[in-house]
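Here is a short briefing to read alongside your structure. Have the viewer open so that you can follow each point as you go.

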Amino acid sequence: MSSWTRSPGRLLECPSGCIPNAHPKGFSCFVLFGRDTLSDPERSDLGHKHYDPWMGARPILLYRLGNPFVDVNYVGTVMLKCKKSEFVLRGELAHHVVVEYEEFNTDVTPLFLASHSGNFTLVRKLLNVGADVNQRVFRGYPTTAAVREGHLKILEVLISCGASQLACEEALLEASYLGLARPAEMLMESDMIRSRAAVHALVSASCRGFVDVASALLKCGVDANATDRLLLQSSKPFLHANVNCSALVAAIVSRQINVVKILLQAGVRTDIKVNLGAWSWDTNTGEDFRVGAGLAEPYSVTWCAVEYFEASGAILTMLLQHLSPNNPHLGRTLIHHAILCNNAKAVDILLSCGADIEAQTNTTSKIDSQLRPIHLAARLGSSQILQHLIKAGCNVNSVTGEHGDTPLMICTRYKSEKCLKILAAAGADFSVVNSSTGESASSIAESSKWNLGFQQAVLDVIRDGVVIKSTNEVVFCPLMFVTRANDTEALKKLIETEGVNLDRQDENGFSAAMVAAKIGHLEAFKLLLNAGADMKLRNKHGETALKLSEVNHNRIEFEKLMLKESLEMTIKSPRCHFDSLHQAVEMGDFDYVRVLITNEGYDVNSIDDDGYTPLMLAAKGGHAKLCELLICLGAKLEVENHKHETAFSLGKDKNDVVQVIKDKMAKELVLKGARVKKHTRCGKGSPHRRVLRMVEAIGVLRWGKWMNKRNAVCKGADVGPSDVFRWNRRRRFDTDEPGLFHVVTTKNKEVHFVCEGGVEMAELWVRGIKLVTREAIFGKNRLF
């Protein structure tokens with residue numbers, strides 16, 4: 001074949017310089033046409049469909065076509081600009097056809113090029129002078145080019161002028177690939193399409209989601225039930241394989257809802273088997289395992305719709321209108337397959353369409369037989385599916401065949417925390433034991449080394465306010481379980497539950513309070529104690545809760561708690577009875593002492609058998625804060641015991657206690673007041689006696705009769721005389737008189753007083769004045 005070149009705007013010229021009609025093959029120069037409008041910037045706006053290969057050379061072409069030596073079927077090489085179609089997968093939507101134009105060298109005939117460019121007049125001229133409508137080049141037949149470029153009128157002419165079966169079938173496939181319904185319909189009406197090619201076109205269009213093409217093919221009588229080999233693709237589960245399938249299967253795998261809809265409306269068969277599964281199971285043992293897509297046993301199209309599920313579930317819903325969801329397949333039903341695929345939406349659709357929620361698997365092995373959907377969901381840890389099943393009303397305590405496991409036991413064995421919580425909230429019985437080993441869910445957790453996970457899941461459920469069901473508390477007692485875990489929040493929830501028995505004892509006579517005391521769970525013990533649990537109960541060994549608490553490291557704390565309830569007990573130094581307030585003071589329990597006095601009405605000055613008041617015991621024990629509390633609550637300092645000891649004398653070797661008691665004594669002294677000797681004019685005048693006291697509410701120092709009383713706000717006070725006073729009375733020799741103290745008012749005036757009792761009493765006056773003044777300015781320190 002000679003190579004020909006093209007000059008822009010000119011006809012193709014032979015390199016040898018010969019004239020076109022003198023060429024050995026008679027190849028006419030019209031093969032490569034005049035100006036290429038697609039590559040011409042000045043004509044690019046015309047678009048490819050306006051490409052006119054005849055322009056600029058019309059008279060010459062008409063002349064050449066009339067030349068009998070011109071070969072109209074000659075094949076030449078040209079730079080052809082044509083469509084390049086790429087298909088973008090869009091999940092459950094129809095494939096998107098992306099069209100781009102590209103230029104490349106290819107073989108063409110005049111008729112192919114005219115059909116490609118859309119020159120209807122030239123196509124007719126070529127056909128009239130004998131152009132072969134069935135001559136095929138690399139890019140296909142002229143019919144293929146007409147379909148690809150969308151030239152329907154030219155396609156119609158080519159068909160009517162004798163396009164062959166192969167030419168029409170190839171064009172039909174091109175139409176099905178590109179989603180062109182009208183060309184497909186025209187080609188089917190030509191009666192040149194064999195059934196096999198039509199089926200291939202239908203399956204291809206269904207796979208790609210081209211509803212119009214599939215609908216047109218069905219209207220033309222294409223067998224919708226026939227199969228053809230096609231490349232099917234899926235990302236989940238992964239599939240990329242050539243498979244013999246029908247249009248329905250191709251549409252299901254490609255998740256094309258509208259195509260499935262028109263196929264079902266056309267009456268396509270649904271009782272067919274598909275070999276596309278990725279899950280398989282051993283019918284002898286019931287064991288399920290993952291295989292490559294297409295390697296599992298053939299199954300129904302509804303099973304295919306579950307495995308290749310689309311988001312809305314419309315395909316499965318439509319199929320279930322024709323097929324029952326309860327038809328068994330190798331010992332299982334469709335709902336088992338949906339659970340195996342972890343497809344919660346599919347399970348929901350199946351349940352709404354009448355799937356048997358209690359359907360059992362049927363295998364030759366009794367070990368794994370009679371698995372209900374809830375058992376399978378619990379084993380696989382499918383929490384969302386489990387919720388759907390429970391909502392639909394399945395039996396949460398149903399048991400399997402040989403083992404007799406409940407769903408709760410199964411999810412415990414497989415350590416599924418979410419499923420355990422869901423089952424517990426749904427009322428699963430924790431006290432059921434299986435028939436094979438006699439284990440409950442809690443014992444299975446222990447044998448599976450999942451104690452902590454099981455415990456955490458159960459506690460979370462209880463904290464959420466769920467009442468754990470246990471029909472046999474010997475096997476599982478929620479109160480005992482929570483107490484051993486020492487979870488205070490969960491225990492509070494249980495205690496608040498109506499009908500809970502706080503004093504229930506197990507087979508060894510242990511109550512929840514005894515368990516907490518023995519283990520040393522102080523917080524749990526507190527809650528049980530405050531809730532009214534009986535602390536006098538004894539186990540089979542005659543031990544009470546307090547006796548059991550002696551072996552743990554919180555022994556003292558437990559004793560204090562028991563004291564708060566004024567319980568009777570026997571200890572190493574037997575006492576028939578003890579007073580809670582005095583015992584609490586001895587242990588330094590500030591909060592409990594406060595509660596007993598302020599809330600329970602205990603007498604703050606009550607005396608025990610040894611003559612001690614609570615304040616004496618607090619001072620003796622060195623509990624300064626407790627002394628301060630008792631004093632604030634009205635404890636008397638002057639009370640003496642049988643040995644004539646006071647609180648002050650008992651605590652004299654404990655500095656903190658002494659300071660607290662002195663504050664109390666000083667405050668009482670200055671507020672009560674006393675007669676003192678008052679010096680005038682800072683020692684220059686004659687002293688006289690006055691009643692001196694502090695006014696607590698306003699923090700002022702007051703002396704004198706009511707008609708001539710004096711008030712002073714003190715900014716300072718000290719024992720002994722000031723320097724000025726000492727100078728003023730230097731000749732009277734009384735500046736070191738015992739009991740002398742002075743104050744400095746806010747007006748910087750010094751006032752001197754002499755009290756009875758010497759220096760110790762003067763110190764109390766100074767302490768009291770400072771204390772009352774400070775409290776009046778800054779407020780009292782609140783202990784409670």
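Leaving aside its neighbours within four places in sequence, which residues is leucine 389 in contact with? In this predicted model, the partners of leucine 389 are Ile335, Ile339, Val347, Leu351, Ile357, Pro373, Ile374, Ala377 and Cys394.

**Nonpolar cores**
- Leu389 belongs to the largest nonpolar core, which has 150 residues.
- Together with Leu232, Leu276, Leu316 and Phe454, Leu389 is among the five that touch the most other members.
- Helix α8 (residues 195-208) gives the most to this core, namely eight residues.
- Another core of 28 residues lies apart from it, and its members include Leu581, Leu615, Met616 and Leu617.

- β3 runs antiparallel to β4 (residues 238-246), and nine bridges join the two strands.
- Two residues sit between β3 and β4 in this hairpin.
- Leucine 230 has valine 243, in β4, as its bridge partner.

**The second largest pocket**
- This pocket has a volume of about 470 Å³.
- Its lining has 20 residues, and Ser442, Val475, Phe476, Phe481 and Arg484 are the closest to the centre.
- Two or more lining residues come from each of α20 (441-447), α21 (451-463) and α22 (478-485).
- α22 gives the largest share, four residues.
- By class, the lining has eight nonpolar, six polar and six charged residues.

Technical notes: Residues are numbered from 1 along each chain as its sequence is written. This is a predicted model: local features need pLDDT of at least 70, side-chain atom pairs count only at pLDDT 80 or more; totals for chains, interfaces and linings use all residues. Side-chain values use heavy atoms; hydrogens and water are left out. Two strands pair if DSSP finds at least two bridges between them. A nonpolar core is a set of buried Ala, Val, Leu, Ile, Met, Phe, Trp, Tyr and Cys residues joined through side-chain atoms within 4.5 Å. Buried means under 20% relative accessible area, exposed over 50%, partly exposed in between (1.4 Å probe, protein chains only). Contact means heavy atoms within 4.5 Å. On a 1 Å grid over the protein atoms alone, a cavity is a set of points where a 1.4 Å probe fits but cannot get out, and a pocket is an open set with protein on both sides within 12 Å along at least five of seven lines; lining residues have an atom within 4 Å of a point. Grid points are joined across faces, edges and corners, and a volume is the space filled by probe spheres set on the points. Ala, Val, Leu, Ile, Met, Phe, Trp, Tyr, Cys and Pro count as nonpolar, Asp, Glu, Lys and Arg as charged, and the others, Gly among them, as polar.
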